[in-house]
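Morning, everyone. I'll keep this short. Please have a look at the structure first.

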Amino acid sequence: MEKFASVAALLLLLCFPVAFSGHDYGQALSKSLLFFEAQRSGVLPSSQRVTWRSHSGLNDGKSSGVNLVGGYYDAGDNVKFGLPMAFTVTMMAWSVIEYGNQLAANGELGHSIDAIKWGTDYFIKAHPEPNVLYGEVGDGNTDHYCWQRPEEMTTDRKAYRIDPSNPGSDLAGETAAAMAAASIVFRRSNPAYSRLLLTHAYQLFDFADKYRGKYDSSITVARKYYGSVSGYNDELLWAAAWLYQASNNQFYLDYLGRNGDSMGGTGWSMTEFGWDVKYAGVQTLVAKFLMQGKAGRHTPVFQKFQQKADFFMCSLLGKGSRNIQKTPGGLIFRQRWNNMQFVTSASFLTTVYSDYLTSSRSYLRCSAGNVAPSQLLSFAKSQVDYILGDNPRATSYMVGYGNNFPQRVHHRGSSIVSYKVDRSFVTCRGGYATWFSRKGSDPNLLTGAIVGGPDAYDNFADRRDNYEQTEPATYNNAPLLGVLARLSSGHSGYSQLLPVVPAPVVVRRPMPIRKPRVTSPVRASGPVAIVQKMTGSWVSKGRTYYRYSTTVINKSPRALKSLNLSIKNLYGPIWGLSRSGNSFGLPSWMHSLQSGKSLEFVYIHSTSPANVAVSSYTLA
C-alpha cells in the first residue's frame, strides 16, 4: 500500500486537488457522442441510435464518377465541408489517443471509434488518387436557400475537388492529420485499416507540401463559409506533427525543426485554436515531443514552440502578457458567431497540456509567474461547467443535458418532423414557411449538440433564426470528448497514454539499483500467450520506477469470449484491463479477443515485472 501511494503521489505531483463534482460528465459525454450520429450522411447502420434520422445523400459524387456517400454534415445545413470535417475527426482521434481508457471506463470508447471511422471511411472515398481530394459536396449558397430534411433535399450536390492544378494545402494537410491521428486509434484493434489510413496520410501530406495553395482559391464556393484565413502553413506543420506521432518517422520531426520558424510555428503567439487556425495545436504537440525527450538537435526550435504553447495557456488563465477576453460569467469569448467552438477547443488543449506538464513534473511559465498544471485543468472544468449550466442564465448549451437547454436549434433535421414519422414532401422554400418560422420546440431532440452559445455579456436568445447562437457544429463537440472523459475520471483520470518522461533529478546519495529484466519470457497457458517488456524508467527521490507493457495474445483459432488473469507482486497502478477484486479481465469495451489478435495493458511500479498468469478463459 505504501508503494502504491508513492506512485500515486508521483503521478499527481504538482497537480493540487481539484473537485470534479456538480455535473454528470459521463452523461454529458454519452450525449455528446449521439450528436455525431445525428450528423451522419449516407446509409445509416442498423446500430444507429438517433432513430429520427434516415439515409441521405445516396447519390453524392455520382455526377463526378466517384462514390462520396457518407461523412458528416458540418452543422445545421446539409453540406459536407471537408476542412471542418477533417478537423472534427482529428480532434476526436486526439481525444481517444489521450483518454481512451477513460472513454472505455464510461462505456463510450466503442462509440468514439465508430464516430471516427464514419469520417475516415468517407475520406478514403474522397481521396481516390494520391494527388486528388474531394473537399466539398453541395454548396452553401443553394443549400442555405432551402430548409429541407437531409433525407429529401433537392439542392445541388455537386462535388468539388483539389488537384495539382487546383491545390489546397490546408485541406489536404488537415485531412492528412486526421488520417494519421486516426491510424493511431486503430493500430491495435484494426491494424490493416490503420496501415491504410497512414498510407493515405503520407500521400496527402506529400500532395499538400508539393502543390501549395489555399483550398478556398480552388474550391471558391467554400470561401464564404469556411474560408482559410490562416493560410496553409499551420496545416502543413500540424500534419507533420501528427505523421510523426503516428509513424515515428524522423523525416516529419525534421520537417517541424526545419520549418518551425519559416512557417510561423515558433513565431505566432496565438489566442485561438480551431478548424482554421492550428498553430496552438501544433505548438502543444511539439511541446509534448520536447517533454518526451524526442527533440534531439531540434531542441532550440522546439523550445520556441513550447514558449508559444505556454503563451496560449497563460492567455487563457489571465496570467499572460496578452489575455483572452471573457464574459462576466467567465466564458472565454472570441467572436459573436459560434463562439463555443473556441471554448471547447481551448478546453481540450489546456486539459492535455495539464497532463503533459504533470507527466514531465513541470510548471507552466507565465509572465505573471509559474503556474501549477492543475490550474489548467481547473480552467477547462470551469468552461465545461459553464457549457453545462453553471452560468448567469443557468442555461445548458448542450441540447438534452439538464432541465434548461435550447429548444429551437438552427438545424434542418431536428426542426422538421422526422422523415420516418411523416414522409410528406417538404419543399425548398416551404420548409422555411412551415418549419423554420415555427415558434414551438423542435420535433426532434438534437441530443448532445453544443450550440453557438451566448454573446460577450452572457446573453442568449433561443430562436431558430438566431444562427449565430443556436446553430451547433461537429467541431464544437469533437474536442469536448476528451475533456469530458478526463473530468469524469476525477483523480484517476491521469493520461495513461502519455509516456511518463524522466525529469533531471539530483540524487545526493546514490543508491545501488537492482535493474529488473527488460523483457520477460513468453508465457503460454493453452491458447493464451503473455509477454512483458519494460518501456520506460525514471528516478524520483532516490527510487527508480518502471513502466511495463504486457501483451496478451490469442493463439487459438477461435475467439476468446472471456479471460481471467492473475497478477501477483503488483505494487502500482494498472491500465487497460477491467478489475473485479483480485482478478483482471478483458477491458469493458472489448467483448472478445479474436483469433491471432492481442491486447496490451500497462502498469507502473518500482521493481521487477509482476507475475502475470492465466486463471481461466472461455473460447467461442
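One term before we start: contact, or touching, means heavy atoms within 4.5 Å. And a reminder that this is a predicted model.

Let's begin with Leu 364. Leaving out residues up to four places away in sequence, Leu 364 touches Asp 310, Met 313, Cys 314, Leu 317, Tyr 353, Leu 357, Gly 369, Asn 370, Val 371 and Leu 376. Leu 364 also belongs to the largest nonpolar core, which has 152 residues. Along with Trp 94, Trp 242, Phe 302 and Tyr 353, Leu 364 touches the most other members of that core. Which helix gives the most to this core? Helix 3, residues 82–105, with 14 residues.

Next, a helix pair. Helix 2 covers residues 25–38, and helix 18 covers residues 474–488. They pack at an angle of about 155°, axes 9 Å apart. An angle over 145 degrees counts as roughly antiparallel, so helix 2 is roughly antiparallel to helix 18. The crossing of helix 2 and helix 18 is left-handed. On the helix 2 side, the contact includes Tyr 25, Leu 29, Phe 35 and Phe 36. On the helix 18 side, it includes Asn 477, Leu 481 and Leu 484. By class, that contact has 11 nonpolar residues, five polar and no charged.

Last, Asp 385, in helix 14, residues 373–387. Buried or exposed? Asp 385 is buried, at a relative accessible area of 8%. Beyond its neighbours within four places in sequence, Asp 385 contacts His 23, Tyr 25 and Asp 390. Tyr 25 also takes part in the contact between helix 2 and helix 18.

Terms used
Residues numbered from 1 in each chain as written. Predicted model: local features only at pLDDT ≥ 70, side-chain atom pairs only at ≥ 80, totals over all residues. Heavy atoms only, no water. Axes fitted to C-alpha atoms, helices over the stretch in contact; angles between N-to-C directions. Helix = DSSP H or I, 4+ residues; strand = E, 2+ residues; numbered from the N terminus. Parallel < 35°, antiparallel > 145°, perpendicular 65-115°, else oblique. Left-handed = near helix turned anticlockwise from the far one by under 90°. Nonpolar A, V, L, I, M, F, W, Y, C, P; charged D, E, K, R; others polar. Buried < 20%, exposed > 50% of the residue type's maximum accessible area, 1.4 Å probe, protein only. Core = buried A, V, L, I, M, F, W, Y, C linked by side-chain atoms within 4.5 Å.
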